[in-house]
Every structure is written in C-alpha cells, then in structure tokens.
Amino acid sequence: MSRHFLAAALLAGFALPAVAEDAAPPRTIRNAPAPRALELAAYVYAASNVCGYKIGVPEFDAVLAKMNTKSEDVSPRGPFGARIQGIFGMMSNDMALHREQSCIAVAGEYGPEGSIAKNVLQPMAAGETPTPAPKAPDATPAK
C-alpha cells in the first residue's frame, strides 16, 4: 500500500481492513459428545460411587447411544476424562452431602424401575463388594 493512499484513507476516516498475521482456524473437536452426555456419565459415575450402585453396562451404553455417544468417549480415562472427572467431583460432593435423598432420587431415575432409563444403576447383591475405582494418573510432571 502506498503512503499516499494510507494517508488519504486515514484522513478520510476509512477503516483499513484488519489483517490477521496468525489467523489459525479455531480448534474444534470432531464428534465430541454432547454436554448432556458428559453430564449423564458423570452423574451415573457419581451415583455409583456415593450410593454403591453397579452400573448396568448394556443399559448405560443404550442410553448413551441415544445421545450418539460411546461409553469409551465418556469414560474417566477417555478423551474427555478431565471434563468427566471435574463434573464427577462436583456431583459426588453434592450427593455425599445429601446422601439418602440423592440415592433415592437417582434410583428413581436410573434404577431398576427408573423413570428415565431402567437398570442403568443396579443395587449390589448381598455380600457383593464394589470393585475399586481405577486410580487417577499422577499429575506430577516428568523430569
């Protein structure tokens, strides 16, 4: 652009088009699970953790399939694991504060006679102990 044109444009009050030097396209993740699917997964994991329910895997997968999501995508160790764990932590803490009411509500929604989906959360059999949750990876940076 010549100096004369630039000076004339500035004097006339015209705005020059902005030129982005590092105009990279925004980063998007293809086929990311819907936020509702992430919340549902964290809710089911929190209910399993706080109330001691087993997760009915085929039923859970069927509910996620209705949301166009796979259980691998919403697992705590999956590609969206950090988001799931964050939501899970908040929900677990809240459920633990009101454990009895929360467990009754969750069972009514996703239990054997669930109003939203049946058998996603199943009661533990007598004498059955829950399997421990996998340990979270160490967050310390490698040297």
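The protein chain has an accessible surface of about 10,600 Å², with areas taken from the Shrake-Rupley method and a 1.4 Å probe. Carbon and sulfur atoms hold 59% of that surface. The model is predicted: local features need pLDDT of at least 70, side-chain atom pairs count only at pLDDT 80 or more, and totals for chains, interfaces and linings use all residues. Residues are numbered from 1 along each chain as its sequence is written, and side-chain values use heavy atoms, without hydrogens and water.

Of the 143 residues in the protein chain, 25% are buried (under 20% relative accessible area, 1.4 Å probe, protein chains only). Contact means heavy atoms within 4.5 Å. Take the contacts between residues at least 6 apart in sequence: 63% join residues at least 24 apart.

The chain holds five helices and two strands. These are DSSP runs (helices H or I, at least four residues; strands E, at least two), numbered from the N terminus. Their order is α-α-β-α-α-α-β.

| Helix | Residues | Contact residues |
|---|---|---|
| H2 | residues 35-51 | Ala-37, Leu-40, Ala-41, Val-44, Tyr-45 |
| H3 | residues 57-66 | Phe-60, Val-63, Leu-64 |

The axes of H2 and H3 come within 10 Å and cross at roughly 160°. H2 is therefore roughly antiparallel to H3 (angles over 145 degrees). The crossing of H2 past H3 is right-handed. The residues of this contact divide into eight nonpolar, no polar and no charged.

Conventions. Buried means under 20% relative accessible area, exposed over 50%, partly exposed in between (1.4 Å probe, protein chains only). Axes are lines fitted to C-alpha atoms, for helices over the stretch in contact, and angles run from 0 to 180 degrees between N-to-C directions. Angles under 35 degrees count as roughly parallel, over 145 as roughly antiparallel, 65 to 115 as roughly perpendicular and the rest as oblique. A crossing is left-handed if the near helix is turned anticlockwise from the far one by less than a right angle, and right-handed if clockwise. Ala, Val, Leu, Ile, Met, Phe, Trp, Tyr, Cys and Pro count as nonpolar, Asp, Glu, Lys and Arg as charged, and the others, Gly among them, as polar.
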